[in-house]
Amino acid sequence: MINNDGWRCQRCGVVNPGYTGSCSCGMTKQENENYGRSENEAAPDKFEQIKKYRELLDQGILTQEEFDKKKKELFDL
């Protein structure tokens with residue numbers, strides 16, 4: 001959950017300033033947004049990430065080896 005004053009940690013309930021990337025309990029903003037979601041609900045983020053990595057590969061910024069490594073990490077292969 002994110003509001004105008006910052007974001008509330010769903011694990012511990014602390015309201016964190018909007019500019020912070022993580023809560024004092026260790027949860028990051030991104031983890032907080034996905035907290036409580038099933039694996040299927042969070043899956044589109046993985047597909048968006050792999051598309052971005054593919055674009056980097058196509059542009060020559062990543063090597064095929066680096067792309068394959070990221071793909072394995074994302075999909076737990």
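Predicted model: local features only at pLDDT ≥ 70, side-chain atom pairs only at ≥ 80, totals over all residues.

Visitor: How many salt bridges does a search of the whole structure find?

Guide: Side chains of opposite charge can pair when their charged atoms come close. A salt bridge is counted when a side-chain nitrogen of Lys or Arg lies within 4 Å of a carboxyl oxygen of Asp or Glu. Searching the whole structure gives three salt bridges.

Visitor: Which residue forms a salt bridge with Arg 54?

Guide: The partner is Asp 58, and the closest N and O atoms are 3.1 Å apart. Arg 54 and Asp 58 are four residues apart in helix α2, so about one helical turn separates them. A helix here is a DSSP run (H or I, at least four residues), numbered from the N terminus.

Visitor: Is Asp 58 buried or exposed?

Guide: Asp 58 counts as exposed, at 55% relative accessibility. The terms work like this: buried means under 20% relative accessible area, exposed means over 50%, and partly exposed is in between (1.4 Å probe, protein chains only). Arg 54, at 41%, is therefore partly exposed.

Visitor: What about Lys 51 and Glu 48?

Guide: Their side chains meet in a salt bridge, at 3.8 Å from N to O. Lys 51 and Glu 48 sit three residues apart in helix α2 (residues 39-58), which puts about one helical turn between them. Lys 51 is partly exposed at 49%, and Glu 48 is partly exposed at 41%.

Visitor: Where are Glu 73 and Lys 70?

Guide: Both belong to helix α3 (residues 64-75), three residues apart, or about one helical turn. Glu 73 is partly exposed at 45%, as is Lys 70 at 30%.

Visitor: And how many disulfides does a search find?

Guide: A disulfide is a covalent bond between the sulfur atoms of two cysteines. The cut-off is a pair of cysteine sulfur atoms within 2.5 Å. The search of the whole structure finds zero disulfides. For Cys 9, the nearest cysteine sulfur is that of Cys 25, 3.6 Å away.

Definitions and conventions: Residues numbered from 1 in each chain as written. Heavy atoms only, no water. Helix = DSSP H or I, 4+ residues; strand = E, 2+ residues; numbered from the N terminus.
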